[in-house]
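Please keep the structure in view while reading.

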There are 2 protein chains.
Amino acid sequence: MNPSSFVNSFPSGANAAAADASSVNLRVGGDRRKQRSRRKEARPSELAAAALELFVERGFAATRLDDVAASAGVSKGTLYLYFNSKEALFKAVVQEAIVPELIAAEQFMANHRGSAAEVLRELTFFWWRHSGATRLAGVPKLMIAESGNFPELAKYYHDHVMMRGRALLGAVLARGIESGEFRRVDLETAIDLIIAPVMMLHVWRYSVCAHEREIDAEAYLTMHCDMIIRGFATEGNPA
Amino acid sequence: MNPSSFVNSFPSGANAAAADASSVNLRVGGDRRKQRSRRKEARPSELAAAALELFVERGFAATRLDDVAASAGVSKGTLYLYFNSKEALFKAVVQEAIVPELIAAEQFMANHRGSAAEVLRELTFFWWRHSGATRLAGVPKLMIAESGNFPELAKYYHDHVMMRGRALLGAVLARGIESGEFRRVDLETAIDLIIAPVMMLHVWRYSVCAHEREIDAEAYLTMHCDMIIRGFATEGNPA
DNA sequence: TTTGCTACTGACCAATCGGTCAGTAATGTA
DNA sequence: TACATTACTGACCGATTGGTCAGTAGCAAA
């Protein structure tokens, strides 16, 4: 007894008023129905793209699936044809938006010939160009914000994104240590310390002081790289 | 027509069923009412303490005021006697829990005699002991998570906490530069780079990899201080 | 044109939660 | 004991939203 036509024909009980109110509009509006097309192939990535935009802007919990669907030009029902739940939608977002960037970074790193310091610096700015300066920048903040209440998402992100990023940095550091360019430091801790300010740059731009103080990303990342390289350099090495 | 007794006497309309269902329990339960005391003075800080715990654990939006009230041993109605809104409660939490720690840090810093490097290192570990290792540690993550959807809170936290913390660090750096111990670097950027890993340490422990990988805070902060001091040291100065 | 398949719709449901307020009871006062 | 004050309660309201599903309509084969 769900469809509006039926309810309108036989209004009954408490919801009669509400049902009437909304469907009168429909009727007055006449047959002005939105043209609807059937494009099974394109829907999932369109929905994922819309979801990325809204998740980043409002957070996972605060994003309404109605809005995601509308933003992708379909109804919420359609969204549920392609994703079984809100969490499934999130995983698709990570898969479609972030993993390709990670692969690009891995290739960039594999092909780069130069000192570890150079690679480190260029990798940082590569990261910035491909992630920090794009709409992907909001994802780290998104993860930090929501991971507590959605441990499933957190684990997914950790396994599919964080670990790969850390491995990348670890390789650069190991290369530098092996060549005698860097001091022998604890790899895991060093990775943490390199990543932290980069993550924080993203986070800050999307929260706390978002509108209070602009951070000069260029200057910030430059100084960060200087500090890291200088801090890890072996004694004899010119920082 | 709100009180249950009245509604029960004259059940009518759509909510009769629901009203009955819930108040039958009350009656069957008999007069087993919780002893209630009147302690106007103690309530606000008890509520704020309960709120801190829950905000940090679940986030601002996800924390129910019913739970905060219950956790403080009162009803939600009582909570609203002392705080006009959820946001007002948050401000009280910051005021009661964080500002005292900031004052302690300011005093610690003012009384400390030593090189800028020493002060920086000790201030970092002071911070860790007083905030990072306590339940306050969750607050930075809380702010990052919620600031997007609650700009009012973000501004409050920024003005009352961030700015004071930054001023503190700025003073240490300025002292170091003046004495020739540190290089002449851009203060704002340097502050950002010192704070970022400390914030990130808190954040990490409360999210993303919270249960995936333990971070050795001691080692992490030690290396961080080493890097900062080494990175800012003037040429002639022994790092 | 008819029929069958299925992509798509949107009203609805059930549960959640910030906030309200009429009523209750603990405490002080006479 | 009678009365006044007020801290406290908890059922209720209204708005919100993830998820459902009976029904609609685009499309192609017969």
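How much area is buried between chain B and chain A, and what percentage of it do carbon and sulfur atoms give? In this predicted model, the buried area is about 4,000 Å², and carbon and sulfur atoms give 67% of that area. The contact involves 48 residues of chain B and 48 residues of chain A. Seven residue pairs are in polar contact between the chains, counting pairs with both residues at pLDDT 80 or more.

Four helices of chain B each supply at least two residues of the side that touches chain A: helix 8 (138-146), helix 9 (151-178), helix 10 (187-206) and helix 11 (217-232). Helix 10 of chain B gives the largest share, 12 residues. The table sorts the residues on the side of chain B that touches chain A.

| Class of residue, chain B side | Count |
|---|---|
| Nonpolar | 27 residues |
| Polar | eight residues |

The axes of helix 8 and helix 10 of chain B come within 8 Å and cross at roughly 85°. An angle from 65 to 115 degrees counts as roughly perpendicular, so helix 8 and helix 10 of chain B are roughly perpendicular to each other. Helix 8 of chain B makes this contact through B:G138, B:P140, B:K141 and B:I144, while helix 10 of chain B uses B:M199, B:H202, B:V203 and B:Y206. Of the residues in this contact, five are nonpolar, two polar and one charged.

Terms used
Residues are numbered from 1 along each chain as its sequence is written. Chains are lettered from A and ligands numbered from 1 in the order in which they are written. This is a predicted model: local features need pLDDT of at least 70, side-chain atom pairs count only at pLDDT 80 or more; totals for chains, interfaces and linings use all residues. Side-chain values use heavy atoms; hydrogens and water are left out. Contact means heavy atoms within 4.5 Å. Buried area is the accessible area (1.4 Å probe) that two parts lose on being put together, summed over both. A polar contact is a pair of N or O atoms within 3.5 Å; within protein, one must be able to donate a hydrogen and the other to accept it, and residues adjacent in sequence count only if both atoms are side-chain atoms. Ala, Val, Leu, Ile, Met, Phe, Trp, Tyr, Cys and Pro count as nonpolar, Asp, Glu, Lys and Arg as charged, and the others, Gly among them, as polar. Axes are lines fitted to C-alpha atoms, for helices over the stretch in contact, and angles run from 0 to 180 degrees between N-to-C directions. Angles under 35 degrees count as roughly parallel, over 145 as roughly antiparallel, 65 to 115 as roughly perpendicular and the rest as oblique.
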